[in-house]
Every structure is written in structure tokens, then in C-alpha cells.
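Let us walk through a protein fold step by step. Keep the sequence and the structure side by side as you read.

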Amino acid sequence: MPIIVESQSANAELFTTVTGSASSVVANLEELKATLAEAPEEYAIVLGPAVDLEAAASLADTLRVTRPATSVILIRRRVDTSVLAEALRSGMREVVEERDLTGLGEAVRRAGQVWEALNGPIAPVDDAGRGKLITVFSPKGGVGKTTLAVNLAIALADKGARKVCLVDLDLGFGDVAITLQLFPARTIADAVHMESGLDITVLETLLTPHRDGLSALVAPVQPDAKDSIPAPLIGKILRLLKANYEYVVVDTSPAFDEHVLQAFDETDEMLLVTTLDVPTLKNVKIAVETLDLLNFPVARRSLILNRADDKVGLTSDKVESTLGLKISRSIPTSPQVANATNSGEPIAASLPRHPVSQAITALAKDLLGSADAATRSTDPKATHASPPKRGLLRRNSR
């Protein structure tokens, strides 16, 4: 992945949102030289605005002879004719304005293409570091699916301890942005125009940061934008996110549409949400049967009972016997959940000691524990290997 030379940590962090989370950051050119000595296959060097122009030109002039396949990308606060002339003379491949993050992402992508043309494919990131994708699904609206997905993502991020991405796959009427009080500049619909060159550096320009390690890929503003988003693109987006984030939480629409089925294909753990009412249980029962037909493994399904203490004449035992699944976690009822959402601060963040927050945190710990177990099971020294993951709709998703 690219090496960023920038002494200002805030700038460096901003640039990595488009160059990729695996990018190396060094403070100066001396550190860069030491890093380059250990990175013979580095394809891009990004020189931030804090790097002196004369020193940057000298470096580029040297590298165009010693490492012609490595692209030097210069970032300036203002690009004028003198900067462009110096860049041209020294052999820099791109000059980008500091605020043009999209341009930076595209420049890095082109640098990768130059490397591959001269040296062959770039070595992929080790799959051992791939993240876990958790899909929150219910075939019935109004069960608290989005609220659970948002608060679970916050619990998994754990104030920046882990890198988490929340994806709103209710493409017609998604509420992740409004639940987190986000004002996104871009949505998942913008990926359509970037599909041919989509990689993580481009995709991360579409994410909206929340805070503390959590980012969101939000649903389109206009419901009809859903029709313009190809289902296979969803699969590609989710695979890129899994390769670069520790956890990806997907909030789906309440339907087995092509976009949701693509998410199922990439799912490591499905949280099937139900409540204590007959219409919801009927729909969830049908959903369980549909998942069986799709060969979605039972071992990767977890039944979540939301509003579990509602006094409505149904019990958790009745839910389990009806659905043929054990309840993994029960989330209590509380008006403070809606109050927290309406105030723009989901309950897991605003009231971490609340019983609802504690139940969601316990669910997050369950998922963290299962991820650790999966890592152990794929270790070549482990006694048992986990079964291979099967695709659901390979006929049209690959």
C-alpha cells in the first residue's frame, strides 16, 4: 500500500481515508528512505503539503531512475504553473490539491496500474487479516433492526478500539444516516459511476465518518436510486470493506431482494431479529425456511429477540418452538431507546450502562468471541478446520 510522507497527523489521517487503511505514514523524507529500503514492491509515494517542494523534486528525480515503477504523487495546498513545472521536470506522476481527496484516490489507483503494467499484479493483502461481516436482517419492518445495527456497530467500535464500517443496504428507505445524525456528501449510489475502477481507495471516499473508529456507507437519498445500483456491485463493495475493516455491519431492507442476497453471500454472521408479535413471527418463520432453501448455514444464524419483556401474551419459549431456533440474545424494551435516537445519540453511546446498551454490548462480545474462535479454527496448527463458506447466488454475483 502507498507510503504517505506528512508531518501533520491530522492531514495524514485524512489522506489514509482514500489511500487505504494499510498505508504507511512517515513524518519526513529520512524516514521514507528507511521505509522504502524494506518495501521493494511499493508502487506509490504520496508527499504531503508539509514536504518541501525542492526536497520532493530531488526525491522524485532520484526515484525515476532507481525505481521507475514507483509513482510519486505530490499534494500541494495550491497548484500553480511553477509547481506543475517543477513536478514535470523531476518526474513526478501526479500533482493533487490538498482538498481533492477524490483526485488523490484516483492518482493512487493509476499508480497501481503503472506498477502492474511494468511488474505484474500487486501482491494482495493477506486474507488472514480479513474482517467479519455481520448482517442484521428481519423480513418485517418496525422490529428495531436499524436501531440494533447502529448500536451494535458503536459497541463493536468500542470508542476506537476497532475499525468498523456500517453499511445501510435498505437502499430505498435507509435510516442509518438520520439515526447517527450524519450529513453525508456521498452515498452508496455514487459507487455506480466508479464501478470499473472501484478499489478501497475510491470506496473510502464514499464513507461518512462518525467518530471513534466508526464510518458509514449510507443509503441513497432518493428511493428510486436503488434501481440504478447493480446487485453484483454490492458484493464487490462488501468484499472490499471486509478486506480493510475489522467489522462490517450491514443493515438490510426487510426483503429477499437481489442486493440483500448479495450481502448474504458475504455474511459471516446473520442476526435474525424478531419481536413478540404473531405477524413478525410468521414472517420470520418464512424467512428461516427461505434461508434453508438458500443453503445459508444454520451455524451462522443468531436469533435476536428485541423488546423481549413486552407483556403481549407471547413468551420466549413460544418464539423458540415456533422458529426452531434458540434465542441468542434478548434486548429489553425501553422508551429511552427512542429518546436517545431522537436526540441524535444512539443509546449505546449516550447511556452505556443502560440495560439495552448492556445487552447489545454482550451481543458484541459474543460476536468478538466467535471471531476469535474462527481465527483459531483457520490456524494451520488447529485440530479442526472450519467448513468452507458457500455462496448463495454465484450464478449472477461473480
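Two strands pair if DSSP finds at least two bridges between them. Take one example from this predicted model. L166 stands opposite V249 in strand β10. We will come back to both residues.

Start with the whole protein. It holds 16 helices and 13 strands. Of its 398 residues, 51% count as buried. Residues 24 or more positions apart account for 74% of them.

Next, find the sheet of 8 strands. This sheet is open, and its order is β8-β9-β7-β10-β6-β11-β12-β13, with mixed pairing. β8 (208–211) and β13 (327–331) stand at the edges with a single partner strand each, so one side of each has no neighbour in the sheet. From one strand to the next, the twist averages 25°.

With β9 (residues 214–217), β7 pairs in the parallel sense over 4 bridges. There, V167 has L217 as its bridge partner. With β10 (residues 247–252), β7 also runs parallel, and 6 bridges join the two. Here V167 stands opposite V250. L166, as we saw, stands opposite V249.

Now step across to β10. Why is this strand called largely enclosed by the rest of the structure? Because 6 of its 6 residues are buried. Both faces are covered. Y247, V249 and D251 lie on one side, and V248, V250 and T252 lie on the other. β10 also pairs with strand β6 (residues 132–137), in the parallel sense, over 5 bridges. L133 has V248 as its bridge partner in β10. For I134, the partner in β10 is V249.

Helix α10 (residues 258–266) touches β6, β7, β10 and β11 (269–274). Its direction makes about 140° with that of β6. Helix α12 (residues 316–323) lies across β11, β12 (301–306) and β13. α12 runs at about 145° to β12.

The largest nonpolar core here has 38 residues. Which of them touch the most other members? They are L152, L156 and L166. Helix α6 (residues 145–157) gives the most to this core, with 9 residues. Follow the contacts of L156, leaving out residues up to four places away in sequence. L156 touches I134, R162, V164, Y247, V249, A364 and L368. A second, separate core has 28 residues, including I200, A225, I229 and L233.

Now turn to the other sheet. This open sheet has 5 strands in the order β2-β1-β3-β4-β5, with parallel pairing. Its edge strands are β2 (24–26) and β5 (94–97), and each pairs on one side only. Neighbouring strands are turned by 20° against each other on average, direction ignored. Look at β1 (residues 3–5) and β3 (residues 44–47). They pair in the parallel sense over 3 bridges. I4 stands opposite V46 in β3.

Two helices that pack on this sheet deserve a look. Helix α3 touches β3 and β4 (71–76), and its direction makes about 170° with that of β4. Helix α5 (residues 101–119) touches β3, β4 and β5. The direction of α5 also makes about 170° with that of β4.

Finally, see how two helices meet. Two packed helices are described by the angle between their axes and the distance between the axes. The axes of α3 (residues 53–66) and α4 (residues 81–90) come within 8 Å and cross at roughly 25°. Angles under 35 degrees count as roughly parallel, so α3 is roughly parallel to α4. From α3, the contact uses L53, A57, A60, D61 and R64. From α4, it uses V83, E86, R89 and S90. By class, these are 4 nonpolar, 1 polar and 4 charged residues.

Key. Residues numbered from 1 in each chain as written. Predicted model: local features only at pLDDT ≥ 70, side-chain atom pairs only at ≥ 80, totals over all residues. Heavy atoms only, no water. Axes fitted to C-alpha atoms, helices over the stretch in contact; angles between N-to-C directions. Parallel < 35°, antiparallel > 145°, perpendicular 65-115°, else oblique. Contact = heavy atoms within 4.5 Å. Nonpolar A, V, L, I, M, F, W, Y, C, P; charged D, E, K, R; others polar. Core = buried A, V, L, I, M, F, W, Y, C linked by side-chain atoms within 4.5 Å. Buried < 20%, exposed > 50% of the residue type's maximum accessible area, 1.4 Å probe, protein only.
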